[in-house]
Amino acid sequence: MWPRLWRPGDLIRSGDVNGPPIVSITCDDGPWPVNTQAMMNHMRNAGLEQHYGLIHFFMVANNALMFPDIAREVFERGYGIGNHSLTHATYNPTRLANEISPAQDVFASLFNWTPELFRSPGLTQGVVIQNECARLGMANVFTSTILNDFLAPRISSSQIINNVARTIHPGNIILLHEGGSHTQTVNALPGIIDVIHSRGYEIVRLEELLSAGTIQLMADVYIGIRSDVAIADAAELGGVDEFTDVVVELRTYLELSSNLSPERRAMVEARIAEALQARRA
Ligand SMILES: [Zn+2]
């Protein structure tokens, strides 16, 4: 339906940041009782469900097995569905890579269809993950904006809406959570839709966002700032991993999270210093 600009094995950060004012909404960790249907109903109430659903749900395959009726409802209402691993229980790149294909089997059994897009739990990076995506003809979809709706204790709905407003940009892949205890995010969705529209942006399907202009890969972002940071926490991962750079990730996180508490900010800065120190040693 939409031309595909990504190649299997790509690690996608956003659509075209210099393109038209369009964004996509993605939602992780479901399907989940009450929340998943509430998200879809908010979209319907906003008049955004006529032709196809405008949220891409990255599902944990075991949750889809636990709540197959909700999973099928998402599929039948035409929303996008992505693979968010089998269990969501590991952030180890190798173990995570081994969960992609079994999750595809679950989706095939439920929908007689399989997703083309994966999202690593915890935005975990690793060459093994990208290689497995390549083998399966899939891309791994990250984001350029960390909205902090996953923090515990949860931030409020109005903080989530403010975070969307503050970070929105052309090609933005907005990453929300509905699987689990995410009432704040579910309740924020109508406000998020309003903010997106009032800023002059249109919500499009993720496949459409990734079909035009120049999509941005995580690697593109790293290249520009790579000279002053060594690649990877090699020791931690047992090898050099060109997709993983803890320092870059944490700096990006700080940059995008101006609402962090001083304690949390200090904690993240300490982690950056520690990683830099480990490289010098
Ligand atoms: Zn997740």
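How many bridges join strand S2 to S3, and do they run parallel or antiparallel? Four bridges join S2 (residues 22-28) to S3, and the two strands run parallel. Strands here are DSSP runs (E, at least two residues) and helices likewise (H or I, at least four), numbered from the N terminus. Pairing requires at least two DSSP bridges between two strands. The model is predicted: local features need pLDDT of at least 70, side-chain atom pairs count only at pLDDT 80 or more, and totals for chains, interfaces and linings use all residues. Residues are numbered from 1 along each chain as its sequence is written, and side-chain values use heavy atoms, without hydrogens and water.

S3 (residues 55-59) also pairs with S4 (residues 80-83), again parallel, through four bridges. His56 of S3 stands opposite Thr26 and opposite Gly80 in S4. Five of the five residues of S3 are buried, so the strand is largely enclosed by the rest of the structure. Buried means under 20% relative accessible area, exposed over 50%, partly exposed in between (1.4 Å probe, protein chains only). Ile55, Phe57 and Met59 point one way from S3. His56 and Phe58 point the other way.

The zinc ion has Asp29 (OD), His84 (NE2) and His88 (NE2) as protein donors, at 2.0 to 2.1 Å. Donors are N, O and S atoms within 2.8 Å of the metal (3.2 Å for Na, K and Ca); water is not among the atoms, so sites may look incomplete. The donor spacing in sequence is D-x54-H-x3-H. His84 is buried, at 1% relative accessibility.

Gln104 lies in helix H4 (residues 93-111). Gln104 is buried, at 8% relative accessible area.
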